[in-house]
Amino acid sequence: MPSQTTRRPHPHSEPSFVELFTPKLVTVLREGYRLGDLRADVIAGLTVAIVALPLSMAIAIASGTGPERGLYTAIIGGFLISLLGGSRFQIGGPAGAFIVLVAATVERHGVDGLLLATLIAGVILLALGFLRLGTYVKFIPYPVTVGFTAGIAVIIFASQIKELLGLTLPGREPGEILDKLHVLGGAIGTVNPAAVAVAAGTIAIIAGLKHLRPHWPGLLIAVVAASLAAALLGLPVETVGTRFGGIPRSLPVPDLPPLSWEKVQAVLPDGIAFALLGAIESLLSAVVADGMTGRRHRSNCELVAQGAANIGSALFGGICATGTIARTATNVRAGARGPVAGMLHAGFLLLFMLVAAPLASFIPLAALAAVLAIVAWNMAEKHEFAVLLRTSRGDALVLLATFLLTVFRDLTEGIVVGFALGAVLFIHRMAEATGIEAQAPLVPEDQADGSAADRTRYDSDLATNPEVVVYRVTGALFFGAASTVGSVLDRIADQRRAFVIDLSAVPFLDSTAANTLAGAARKAARHNVRFFVTGASAGVRRTLLAHGVTAPAVQYRGHVEEAVAEATAA
């Protein structure tokens with residue numbers, strides 16, 4: 001078990017139910033919300049809304065629904081997630097990860113079935129949050145999340161090939177990726193050069209602006225430019241107007257989807273899948289926001305907000321809502337101070353829809369497909385994928401199993417099998433470490449104190465030094481314990497000159513734990529805190545280095561005393 005050598009100045013009692021589920025909005029307002037904070041949140045909310053406008057429509061279209069349903073989801077779901085959520089910076093709305101699930105549900109049960117499944121997912125998420133099960137989502141191994149995300153990226157890109165090339169299909173586009181590629185290959189003779197040009201131009205503008213003007217809203221600028229080119233040049237490409245007749249200029253009246261016991265039974269598996277994927281996606285997004293800002297979210301409160309958001313989205317005709325990593329990161333980089341930015345993002349989207357809805361009819365579908373192609377490329381986590389393939393055969397097995405099952409079988413199946421393989425891999429590593437690490441057993445046995453000559457005197461300076469915090473980890477550091485250790489690191493590493501983590505009693509750690517330490521090191525660097533790792537064995541150090549726990553952010557030393565002396569002398 002991990003052991004901490006620093007004193008906790010104020011013991012923390014068990015939080016009450018009200019404290020656990022108090023929205024972060026209330027916390028921010030209690031801290032004192034000033035005019036400058038509001039100004040920053042207005043700018044951040046507008047920035048995110050500009051990004052979310054084309055993205056929400058693109059995701060809804062790719063999901064087999066109309067573009068207006070993506071906007072309804074971003075407005076209603078996004079507002080409720082920020083209003084009620086346990087994260088200061090989470091931005092909610094439709095997510096690319098849901099495209100395959102939503103499209104399959106629409107194909108099987110129609111739009112009414114989709115709305116009912118979304119409503120059921122909201123109820124399940126409420127239950128998960130109130131039962132405090134959100135904490136366990138953090139136990140998903142890192143190779144599973146990377147493989148799953150990369151698989152989703154492949155599926156999203158495959159779903160956009162038809163629009164990117166302007167293909168004309170003889171019938172409905174299949175959902176299964178192999179069947180899809182076979183049908184698309186058969187229609188390759190129907191390529192529309194104008195659609196290809198629009199898509200290529202959109203991608204070029206987005207990539208160019210990201211390189212030359214990274215703070216400009218590249219997605220919106222590219223879509224507007226593509227729309228102007230298609231309209232002014234009279235390009236023969238399909239648009240939002242030609243396929244969907246445009247989008248409405250107001251929100252619909254809230255209404256329950258048709259309910260019957262038979263319908264509920266039919267869509268229940270889809271609702272469960274929506275809830276599980278929504279929980280994973282939203283909490284991963286909240287963790288990303290924590291890593292960027294040094295703040296901490298409350299996972300169970302966040303799940304309750306996700307549940308309310310999905311119920312609200314379904315009542316207004318929207319699709320599944322969840323926390324979105326790209327838009328949340330944009331929110332943080334834009335200088336958001338709290339949840340008000342997310343609420344304003346929803347308000348700006350509503351304003352855009354009320355004012356500029358007729359202009360959306362001119363948006364080429366090829367341009368929106370190009371936006372999703374960029375999203376797929378960015379979310380593929382190519383570097384992390386390559387690192388996991390190189391560092392460990394076990395992690396590579398978990399990664400590839402999750403990835404291949406996600407792409408070729410089923411999203412939920414990919415996660416479940418990946419998690420099961422991760423657990424088996426951990427058991428194997430525990431047994432292996434028990435046999436090999438004779439000097440560092442997984443669970444140290446009790447030992448007699450021995451004679452005074454055998455012991456070193458306790459140095460209280462290591463525990464009370466106001467400038468340096470020392471934290472020792474004992475035993476295997478794997479995906480199940482990594483989240484706990486990460487939480488401790490977040491709490492105790494602030495406001496210090498240096499942070500020392502001693503791994504001399506750690507026989508091995510896995511990729512999840514290495515990624516957790518890499519995140520702690522990045523946070524320490526942002527706060528100008530020196531980060532030392534001491535006592536790491538050769539195997540542990542190789543794993544850490546492979547996952548980016550490297551100099552200058554991290555300095556390796558042989559012993560705690562050496563690191564403390566260096567940190568104190570600096």
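Axes here are lines fitted to C-alpha atoms, for helices over the stretch in contact, and angles run from 0 to 180 degrees between N-to-C directions. Keep that in mind for the helix pairs below. This is a predicted model, in which local features need pLDDT of at least 70, side-chain atom pairs count only at pLDDT 80 or more, and totals for chains, interfaces and linings use all residues. Residues are numbered from 1 along each chain as its sequence is written, and side-chain values use heavy atoms, with hydrogens and water left out.

Start with the whole chain. There are 24 helices and seven strands. Helices (H or I, at least four residues) and strands (E, at least two) are DSSP runs, numbered from the N terminus. The chain has 570 residues, and 52% of them count as buried. Buried means under 20% relative accessible area, exposed means over 50%, and partly exposed lies in between (1.4 Å probe, protein chains only). Now look at contacts, meaning heavy atoms within 4.5 Å. Take those between residues at least 6 apart in sequence: 84% join residues at least 24 apart.

Next come the helix pairs. Two packed helices are described by the angle between their axes and the distance between the axes.

Find helix α3, residues 35–62, and helix α14, residues 325–333. Their axes are 9 Å apart and pack at an angle of about 165°. The two are therefore roughly antiparallel. The cut-offs are simple: angles under 35 degrees count as roughly parallel, over 145 as roughly antiparallel, 65 to 115 as roughly perpendicular and the rest as oblique. The crossing of α3 and α14 is right-handed. A crossing is left-handed if the near helix is turned anticlockwise from the far one by less than a right angle, and right-handed if clockwise. On the α14 side, Arg327, Thr330 and Asn331 make the contact. They meet Ala44, Thr47, Val48, Val51, Ala52, Leu55, Ser56 and Ile59 of α3. These residues divide into six nonpolar, four polar and one charged. Ala, Val, Leu, Ile, Met, Phe, Trp, Tyr, Cys and Pro count as nonpolar, Asp, Glu, Lys and Arg as charged, and the others, Gly among them, as polar.

Helix α3 has another partner, α15, residues 340–356. Here the axes come within 7 Å and cross at roughly 50°. So α3 and α15 are oblique to each other. Their crossing is right-handed. From α15, the contact includes Leu344, Phe348 and Phe352. From α3, it includes Leu38, Asp41 and Val42.

Move to α6, residues 142–159, and α8, residues 177–186. Their axes come within 11 Å and cross at roughly 30°. These helices are therefore roughly parallel. Their crossing is left-handed. Val154, Ala158 and Ser159 of α6 touch Ile177, Lys180 and Leu184 of α8. Four of these residues are nonpolar, one is polar and one is charged.

How far apart are the end C-alpha atoms of α6? They are 26 Å apart, which agrees with the 26 Å that its 18 residues should span at 1.5 Å a residue. That expected span is 1.5 Å times one less than the number of residues. Helix α6 is also mostly covered, with 16 of its 18 residues buried.

Single residues come next. Arginine 132 sits in the loop between α5 (99–130) and α6. It has a positive phi of about 60° although it is not a glycine. Its relative accessible area is 33%, so arginine 132 is partly exposed. Another loop runs between α23 (538–546) and β7 (554–557), and it holds proline 552. The peptide bond from alanine 551 to proline 552 is cis, with omega near 5°.

Is threonine 73 buried or exposed? This residue of helix α4 (residues 67–84) has 0% relative accessibility, so it counts as buried. Leave aside its neighbours within four places in sequence, and its contacts include Gly93, Pro94, Ser313 and Cys320.

Finish with valine 287, in helix α12 (residues 261–293). At 43% relative accessibility, valine 287 counts as partly exposed. Its C-alpha atom is separated by 9.7 Å from that of glutamine 90, 197 residues apart along the chain.
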